[in-house]
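Open the model in your viewer and keep the sequence panel beside it. Each stop below gives a selection, then what to look for there.

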Amino acid sequence: MQQTWRLFDRVAGDYDQVVPFFREYGAAIVRAIAPSAGSRFLDLGAGRGALTAAALSRGCEVTAVDAAPAMAALLAADYPDASVRVMDAEDLKLPSGGFDLVAASFVIHLLDDPASGAAEALRVLKPGGRFVLTGGSARHRDEMPAVWSSPLTDRLDTLFLEFAPHLPPGGGIGRPIDAADLLEAAGFVGLREDHATVEVAVHDTAMLWRWSMTHGYRAFVEALPEPHRAEFKARMLDMPLGDGLLRRRTCLWSGHRPP
C-alpha cells in the first residue's frame with residue numbers, strides 16, 4: 001500500500017485536473033447509489049473528492065479518508081464541509097457502526113489486501129448499512145453493453161494490453177478482484193449490481209498523455225523498462241484521436257451489513 005499512496009502523493013496536484021474523468025465518475029456513481037440527505041457517508045480512498053463532492057451536494061455528512069497525505073490536504077482545502085483524515089482503508093481508525101453508507105471508487109483493487117478493506121467497511125457500517133465499490137464480477141449482467149466504451153478508449157486499452165507483457169514482475173499497481181465474491185466473503189448480504197457511465201473529451205493526444213500520467217496509469221508507464229517506455233509514449237502520442245471521447249462504464253457492486 002505504501003508504494004501506491006506514494007504514487008498518488010506525487011500526482012496529487014494534477015490528479016483529475018487535466019481531464020475531470022474521476023469527478024464525472026463520482027457524480028455518476030453517487031447518482032446511481034442515490035444516498036439520502038443526512039446519510040453518514042464514508043468515502044474510502046477519496047482522492048481529490050470525486051465522491052465527496054457529489055455526496056455533499058446531496059446533503060450527506062461526509063467523512064473522507066485517503067492514505068496519501070498530499071491528496072488528503074488538497075481534499076480538505078477544497079471541501080471544508082467534509083471531515084478528512086489520512087487513513088489506510090485496511091485499518092480504519094473509526095468507530096464501529098458509525099456509517100450508513102461506505103463507498104470506494106477505483107480503490108479496493110489497489111489495496112495490499114482487498115479482503116481487509118471489505119472487512120473494515122463492514123465493521124464501520126451500522127447494521128443494514130450499505131457498502132458500494134467499483135469492480136467487475138463473473139456474475140455481471142448489463143442491459144446496455146453498447147455504451148461500455150468508445151473507439152478512443154478501445155485504442156488506449158489495446159495499447160496497454162500490448163505493452164503489459166513488458167512489465168517486470170510486480171510492475172504497476174492493483175490486482176484483479178471479483179467484487180461480488182469479495183462482498184460475499186466479507187459477510188455482506190443483499191448483493192446488487194448497478195452501473196455508472198462517464199464520457200469526457202480530450203482535445204489532442206498530448207492531453208491524453210498528460211492525463212495518463214496524473215493517476216494510476218503512471219505506475220504502469222514508470223514500470224516499463226526502456227526502450228519500451230519511450231515507445232509506449234510515442235505510440236500514444238501518434239494514436240488516432242477520432243472524436244476524442246473517452247467513455248467508460250463501470251460496475252457498482254454493493255451489499256448490506258446484516259441487521
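Select Phe 106, which sits in the loop between S4 and H5. Helix and strand names follow DSSP runs numbered from the N terminus: helices are H or I with at least four residues, strands are E with at least two. This is a predicted model, numbered from 1 along each chain as its sequence is written, and local features need pLDDT of at least 70, side-chain atom pairs count only at pLDDT 80 or more, while totals for chains, interfaces and linings use all residues. Side-chain values use heavy atoms, with hydrogens and water left out.

Phe 106 is not a glycine, yet its phi is positive, about 55°. Its relative accessible area is 24%, so Phe 106 is partly exposed. Here buried means under 20% relative accessible area, exposed means over 50%, and partly exposed lies in between (1.4 Å probe, protein chains only).

Now select Glu 226 and Pro 227. The peptide bond between them is cis, with omega near 5°. Pro 227 belongs to the loop between H9 and H10. For context, most residues other than glycine have a negative phi, and most peptide bonds are trans.

**The sheet**

Show the strands. Seven of them make an open sheet with mixed pairing, in the order S3-S2-S1-S4-S5-S7-S6; two strands pair if DSSP finds at least two bridges between them. Strand S3 (83-86) and strand S6 (189-201) are at the edges with a single partner strand each, so one side of each has no neighbour in the sheet. From one strand to the next, the twist averages 20°, taken between N-to-C directions of lines fitted to C-alpha atoms, on a scale from 0 to 180 degrees.

Zoom in on S5. Seven of its 10 residues are buried, so S5 is largely enclosed by the rest of the structure. S4 and S5 run parallel and are joined by five bridges. Find Leu 101 opposite Arg 130 in S5. S5 and S7 run antiparallel, also with five bridges. Leu 133 stands opposite Trp 253 in S7.

**Two helices**

Select H6, residues 151-163. Its 13 residues reach 19 Å from first C-alpha to last, close to the 18 Å expected at 1.5 Å a residue (1.5 Å times one less than the number of residues). Which residues of H6 are buried? They are Leu 152, Thr 153, Leu 156, Leu 159, Phe 160 and Phe 163.

Move to helix H5, residues 114-124. Among its buried residues are Pro 114, Gly 117 and Glu 120. Strand S4 (99-104) and helix H7 (179-186) are included in what covers them.

**Last stops**

Select Thr 4 in helix H1 (residues 2-11). Thr 4 is buried, at 7% relative accessible area. Beyond neighbours within four places in sequence, it is in contact with Leu 110 and Ile 173.

Finish with the cysteines. Cys 60 is buried at 7% relative accessibility, and Cys 251 is buried at 5%. The whole structure has zero disulfides, meaning pairs of cysteine sulfur atoms within 2.5 Å.

Technical notes: Contact = heavy atoms within 4.5 Å.
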